[in-house]
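Trainee: I would like to go through the terms used for this structure and check each against its cut-off. Please show it, and then start with a definition.

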Amino acid sequence: ASEGFTICCRYVSKAAPKTQVEFDYDGPSMKTSVPGTRSQNVGAINFFCNYDESRGNYLVDVDGNRMLDIYTQISSIPIGYNHPALLKLMSNPNNLSTLVNRPALGILPPENFPNKLTESLLSVAPSGMGRVQTMACGSCSNENAYKAMFIWYRNKERGHNIPSDEDLNVPGCPELSILSFMGAFHGRTMGCLATTHSKAIHKLDVPSFDWPIAPFPKLQYPLEEFSRENAQEEARCLEEVEDLIVKWRQKGKPVAGIVIEPIQAEGGDNHASPDFFRSLRNIACKHGCAFHVDEVQTGGGNTGKFWAHEHWGMDDPADIVSFSKKLLTGGYYHKDELQADKPYRIFNTWMGDPSKNLLLAEVLNVIRKENLLEEVTRSGKALINGLYELQAQYPGILSRARGQGTFCAIDICDDATRSSILLKARDKGVLLGGCGDRSIRFRPALVFKDYHVHIFLNIFNEVLAQHK
Ligand SMILES: Cc1ncc(COP(=O)(O)O)c(C=O)c1O
């Protein structure tokens, strides 16, 4: 075995502390290859799961295979499977009516809903944002956030919020736009899709808007080693953003809002520096565009801070921040001035789900009690250092290891090798996901500790050795 392998092997001797094993298994356990005989894999379905048996960082399938889950339902499980605190909450009879009765929140919210929001979503509100609008999923959060930006922009243009007769006679069609970035993913509904540019197949056959698309910086990694080159690349993109804003204004389709992910996730885990985002925020202010930060995938703690935009160190990071996934409910925070001026302008039947809010309040308690953001920072360091080691050991396969907290990724030499690595890792009990053209992304739950990192590195190393 090579030196790297010896190092990885040593990791395995670090066992999980006993207290942890109660809520988690002590390692993967594979009975069949995946999908196994009882599972089926049709269309997008990978395999069928046994959620009763899944626990902590481990997802169990119908064939009894237990896999270390570093993909977590497309990055949407905050504190692992069947966390005891959540099971306890759900078994409390006082919570039954919240589970059984799903209200039309926009017209008939439950008595305690404002208090519950204060306890949950508002307790983690981004800096400068005191308002939150819940929604059901990531796409409908963004979709409605875009509408809120357009409504805000038109009222700003009018100087008041009373629409003219002309506005009402030809309603709904101002020539406004939203600026997004190449490689972005904001969802697959019509409005979101107009700002999604990660894969051609998402957009195939679906009409879209004539909205500006700016280049997202293509940085070199590790970031610290290429700061000069990366700063130049970011400056080029920022210049292009301003040019596009001016061009679209001249076309008569002014940019009402700019939407961006703090780390482009589906598009391949593309990072940009805090300086880039600060400058972009300033450009939005200068041109009177709302600034929408889409934290659907980055929000909830994986980067080591609750919101990825906290890494930018700004008091006024955005006008709108959307979320979903690890927050369990969708929605968006916004500044006072982006509150829609009349009822029903931002509206649908459910507008979220109070039972998810109940769970979220408990998830936040666990994050605080167990210092999970510190844990993420710690295990994130172990993960990225392990990836650097493997990258040095397998330069023909791996490159561009990158990450913040446990929100990490690495590139594989080509798509076919990536697919093979993902399947072999799964058969050895590690579940991973891809993103971009040839990246593997790491999206563990916040309860992913050092010793899980080591289990993963050891198995990943074995898989890579088969691809040499
Ligand atoms: C950054 C981002 N925005 C929006 C979405 C869409 O969320 P949903 O799939 O819940 O509609 C996703 C989903 O992956 C995402 O990663």
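Mentor: Buried means under 20% relative accessible area, exposed means over 50%, and partly exposed lies in between, with a 1.4 Å probe and protein chains only. This is a predicted model, in which local features need pLDDT of at least 70 and side-chain atom pairs count only at pLDDT 80 or more, while totals for chains, interfaces and linings use all residues. Residues are numbered from 1 along each chain as its sequence is written, and side-chain values use heavy atoms, with hydrogens and water left out.

Trainee: Why is Cys289 called buried?

Mentor: Its relative accessible area is 3%. The limit for buried is under 20%, so Cys289 counts as buried.

Trainee: What makes Cys137 partly exposed?

Mentor: Cys137 has a relative accessible area of 34%. That value falls between the 20% and 50% limits, so the middle class applies.

Trainee: How do you know that the count of disulfides comes to zero?

Mentor: A disulfide is a pair of cysteine sulfur atoms within 2.5 Å, and by this rule the count is zero. Take Cys137: its closest cysteine sulfur, in Cys140, is 3.4 Å away, which is too far for a bond. For Cys289 the closest cysteine sulfur is in Cys285, at 9.2 Å, also too far for a bond.

Trainee: Why is Arg281 counted as buried?

Mentor: The relative accessibility of Arg281 is 2%, and under 20% is buried. Arg281 lies in helix α12, residues 274-286. Helices (H or I, at least four residues) and strands (E, at least two) are DSSP runs, numbered from the N terminus.

Trainee: Which residues is Arg281 in contact with, leaving aside neighbours within four places in sequence?

Mentor: Contact means heavy atoms within 4.5 Å. On that rule Arg281 is in contact with Phe291, Met314, Asp316, Pro317, Ala318, Asp319 and Lys335.

Trainee: What makes the phi of Leu328 worth a remark?

Mentor: Most residues other than glycine have a negative phi, and most peptide bonds are trans. Leu328 is not a glycine, yet its phi is positive, at about 70°. Leu328 sits in the loop between β9 (320-323) and β10 (330-334). Its relative accessibility is 25%, so Leu328 counts as partly exposed.

Trainee: Where does Asn371 lie, and what is its phi?

Mentor: Asn371 is in the loop between α13 (354-369) and α14 (372-393). Its phi is near 45°, again positive in a residue other than glycine. With a relative accessible area of 40%, Asn371 is partly exposed.

Trainee: Which peptide bond into Pro35 is cis, and which one into Pro222?

Mentor: The bond from Val34 to Pro35 is cis, with omega near 0°. Pro35 is found in the loop between α2 (18-21) and β1 (49-55). The bond from Tyr221 to Pro222 is cis with omega near -5°, and Pro222 is in the loop between β6 (213-214) and α11 (227-250).

Trainee: Why is Ser123 called partly exposed?

Mentor: Ser123 has 35% relative accessibility, so it counts as partly exposed. Ser123 lies in the loop between α6 (113-119) and β4 (131-135). Leaving aside neighbours within four places in sequence, Ser123 is in contact with Leu117, Thr118, Leu364 and Arg368. Ser123 and Leu364 are 241 residues apart along the chain, and their C-alpha atoms are separated by 8.9 Å.

Trainee: Now the whole chain. How do you know that its radius of gyration agrees with a compact globule?

Mentor: The radius is taken over C-alpha atoms, and the globule rule is 2.2 Å times the number of residues to the power 0.38. With 468 residues the rule gives a value near 23 Å, and the chain has 23 Å, so the two agree. Of the 468 residues, 54% count as buried. Residues 24 or more positions apart account for 73% of the contacts with a separation of 6 or more.

Trainee: How many helices and strands does the chain have?

Mentor: The chain has 16 helices and 15 strands.
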